[in-house]
Amino acid sequence: MIDAPMKLMLVDDEDDFRRSCARWMLRKGHDVSDVSNSVEALGRLEQSLLDVVVLDINMPGMSGLELLQRIQDEKIDVEVIMLTGQGTIDIAVSAMKMGACDFITKPCSLSDLEHRCLLAYERRCLRRENNQLKAVISRVQPDVQLVGESKAIRDVVRMIERIAPTDKPVLIQGESGSGKEVVARMIQQSSPLRDKPFVTINCAALPASLVESELFGHQKGAFTGATIEKPGLFEIADGGTLFIDEIGELPLSLQPKLLRVLEDGSMRRVGSHKERNVRVRLIAATNRDLTNEVQSGNFREDLFYRVNVLSLNLPPLREREGDVDLLISHFLPTNWRMEPQVREAMNQYAWPGNVRQLINVIQRATVLADHNEITLEDLPSEIATCRGDSFTTETSQVEEPHDDFAVIDKTHAILGASDCKLDDIAREHILGVLAKEHGNKARAARKLGIHRRKLYRLLERFTAVEEPVQ
């Protein structure tokens, strides 16, 4: 139900008809203006916001069709209904092809005219809401980008620019953590489907028994626990893009079903005999060599050719010369500093976990560092040792970081801003490890993957926080 009154303009050189329409609309509570020629109508359109214009085709001077063309050329946001006599219906149909939403022949009943205007008004309101939602979505999901200026990354960006405008399937191949989902989102944002759904699924993150239900949906009662109907991700992504990450993990039993929906758009929910049709652009990613997977019988050859229409190879971070410094600057929080030796060590490290590992190292270091400055002591030992200087004399005694320390990294990524919260989390974790080692600071430091003197400074910080204010 639309609460606001409709802002309507009637444009017709027949005075009696136009004024009768205006009186009717005013009595019905609408905000109405009426003019007798297209030139005056165009002036009002340029000065005020209107919802609907009822426009006669045959008028002296600028005709109704010429005014409609001006409205389209100047992108005036208004719905147009054309008025026509019996002999000009073909012209009215042409006007609808030009952008008019409806036409009505004269003479017409005023109630029918009002009904047509209200339908046009509802259409305009829906279109405006849709544009507002798109604007909100674009703010909530900001543009993604590949950070880097190496030749390898420039080649990737050029490839994205070439394949994004098409609707063909894309296969992104690269090591874990190299940024395959970022590339997928860049392709989608540069494509004609940028305003359509972008839906993702990671086959490696789900049990094989759930992948089919997630992709294709299920009917109520299809299996134990299926208490309601559920649409699959193909249905949710209909008209848009579906990103299947780690497609090499897709169970072999599901591959024929995926092949079919990619070939002709047809699919069935689990437990249903009803055919459904969807139109989805597929972007897939894998850290496996799918050619080897095909040869070993783990991946169907026909499916491989279907998903590998356009391929893009994402280079690992170790092959992106000069990009480590740019990534550090991009992900290091504002007002944080990093010793030159730290950058040197990070540039010499091979980064087997690629960009994801680099981000986690920076997040970990901001938890451990003092005074917003990251030193070599704040790096994992395997990175600090890359410099090969005297700092690393203790590193042979330092164990890999305790598994629970990953909680701090994840919390940092989620909270993103609150140093107090991060200090509390770090304090609770470190004191917990120290308690498990019965107060032995050397063993606790090895468990945490940090040096003893770093542990001493952290304990001093926690003690200072606990002291009461005098």
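Guide: Helices (H or I, at least four residues) and strands (E, at least two) are DSSP runs, numbered from the N terminus. By that rule the protein has 20 helices and 16 strands. This is a predicted model, in which local features need pLDDT of at least 70 and side-chain atom pairs count only at pLDDT 80 or more, while totals for chains, interfaces and linings use all residues. Residues are numbered from 1 along each chain as its sequence is written, and side-chain values use heavy atoms, with hydrogens and water left out.

Visitor: In what order do the five strands of the open sheet stand, and how do they pair?

Guide: Strands of a sheet pair through backbone hydrogen bonds, either parallel or antiparallel. Two strands count as paired here if DSSP finds at least two bridges between them. In this model the order is 7-10-13-6-14, and the pairing is parallel. Strand 7 (198-202) and strand 14 (310-313) are the edges, each with a single partner strand, so one side of each is left without a neighbour in the sheet. From one strand to the next the twist averages 15°, where axes are lines fitted to C-alpha atoms, for helices over the stretch in contact, and angles run from 0 to 180 degrees between N-to-C directions.

Visitor: How many bridges join strand 6 to strand 14?

Guide: Four bridges join strand 6 (residues 170-173) to strand 14, and Val 170 stands opposite Leu 310 of strand 14.

Visitor: Which strands does helix 7 lie across?

Guide: Contact means heavy atoms within 4.5 Å. Helix 7 (residues 180-189) lies across strand 6, strand 7, strand 10 (241-245), strand 13 (281-286) and strand 14, and runs at about 150° to strand 6.

Visitor: How many aromatic pairs does a search of the whole structure find, and what describes such a pair?

Guide: A pair of aromatic rings is described by the distance of the centres and the angle of the planes. Rings of Phe, Tyr and Trp (its six-membered ring) pair if their centres lie within 6.5 Å, and planes under 30 degrees apart count as stacked, over 60 as edge-to-face and the rest as tilted. The search finds four aromatic pairs. In one of them, Phe 216 and Phe 234 have ring centres 5.5 Å apart and planes at 15°, so the pair is stacked. This pair links distant parts of the chain, with Phe 216 in helix 8 (residues 208-216) and Phe 234 in helix 9 (residues 233-236), 18 residues apart. Phe 304 and Tyr 305 form a tilted pair, 5.6 Å centre to centre with 55° between the planes.

Visitor: Is Phe 304 buried or exposed, and is Tyr 305 buried or exposed?

Guide: Buried means under 20% relative accessible area, exposed over 50%, and partly exposed in between (1.4 Å probe, protein chains only). Phe 304, at 10% relative accessibility, counts as buried, whereas Tyr 305, at 52%, counts as exposed. Both Phe 216 and Phe 234 are buried.

Visitor: Where does Cys 108 lie, and which residues does Cys 108 touch?

Guide: Cys 108 lies in the loop between strand 5 (102-105) and helix 5 (110-140), and is buried, with a relative accessible area of 17%. Not counting residues up to four places away in sequence, Cys 108 touches Phe 17 and Leu 113.

Visitor: Where is Ser 38 placed, and what does Ser 38 contact?

Guide: Ser 38 is in helix 2 (residues 38-47) and counts as buried at 1% relative accessibility. Leaving aside neighbours within four places in sequence, Ser 38 is in contact with residues including Val 11, Met 59 and Leu 67.
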